[in-house]
Each structure stands twice: as C-alpha cells, then as structure tokens.
Amino acid sequence: MTLIKDPNKLRTPLSSQPLSQKNIDIVSDKLTTELTKHGGLGLSANQIGLTDRVCIVNVKEPLILVNPRVTEASKETVVYLEQCLSLDKTMRKPVKTIRHKSFKLECDNLGVVEFGPDKVDS
C-alpha cells in the first residue's frame, strides 16, 4: 500500500461505523504492516487509503483504536516535535505543535484509554 499524501483526503473526517472482529483484524494487520514498513509512532487507516475510523499508536506497545473519540483533554499543553508519514517535509524537518499534556479516549474495542506522561492505560 502507498501512503496517501493529499492533505485534502487526510483532512476528510471519517464516520464511526461498527466493525466486526474480522474487519478489525484485517484493518489491524494492514496498519501494523504499514507502520512497520514506514516507521513512525502511529498511523491512521485513511493514510493508507482505508475509510475505517481506526488507527494504530505505538507508545509502549502497539494499540489499535477503533472509532476513537476524545472525551477529556487537559488544559495543560506541551510543545511537541511532530512528524507525519504522509507529509514528507515534516519527516525531513519535524514541526513544533502544541498538544494536550494528557487526554482520554473512548474506543469501541478498548473502552477508555488514557494517554499522558508515563502512562497509557486501557
């Protein structure tokens, strides 16, 4: 699979849709394969041409997030150097972004997942 580089396609919101375990496994395998192939910390299904609202993040271990929704975000922020596999210029020179220091997601497959300094809990 090739990485989608068109910013307009990457900005198009994906709708939540129920996925069977078989479909989750298929998308998960594709995301894992592509993340391993291209490197990086995370990858969204739309970056590889899929329309499922699924992503993989590799913080302590790879996590597949199905239909993730942010439910809480800290007011405290941090400056983060970010790269995006779909944006070549950021791979050559990371860009500074402002991110919430911690946040919680709800996912169809994992329930509540909390991200923050030194923790990823599901």
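**View 1. Helix H2 (residues 21-38) lies across strands E1, E2 and E3, at about 45° to E2.** Helices (H or I, at least four residues) and strands (E, at least two) are DSSP runs, numbered from the N terminus. Axes are lines fitted to C-alpha atoms, for helices over the stretch in contact (heavy atoms within 4.5 Å). Angles run from 0 to 180 degrees between N-to-C directions. The model is predicted: local features need pLDDT of at least 70, side-chain atom pairs count only at pLDDT 80 or more, and totals for chains, interfaces and linings use all residues. Residues are numbered from 1 along each chain as its sequence is written, and side-chain values use heavy atoms, with hydrogens and water left out.

**View 2. Three strands form an open sheet in the order E1-E2-E3, with antiparallel pairing.** Strands E1 (42-44) and E3 (62-66) stand at the edges with a single partner strand each, so one side of each has no neighbour in the sheet. Neighbouring strands are turned by 15° against each other on average, direction ignored.

**View 3. E1 pairs with E2 (residues 54-58) in the antiparallel sense over 3 bridges.** Two strands pair if DSSP finds at least two bridges between them. Leu-43 has Ile-56 in E2 as its bridge partner.

**View 4. Phe-103 and Phe-115 are stacked, because their ring centres lie 5.2 Å apart and their planes stand at 20°.** Rings of Phe, Tyr and Trp (its six-membered ring) pair if their centres lie within 6.5 Å; planes under 30 degrees apart count as stacked, over 60 as edge-to-face and the rest as tilted. The count is 1 aromatic pair. Phe-103 sits in strand E7 (residues 103-107) and Phe-115 in strand E8 (residues 111-116), 12 residues apart.

**View 5. Phe-115 is buried, at 10% relative accessible area.** Phe-103 is partly exposed, at 28% relative accessibility. Buried means under 20% relative accessible area, exposed over 50%, and partly exposed in between (1.4 Å probe, protein chains only).
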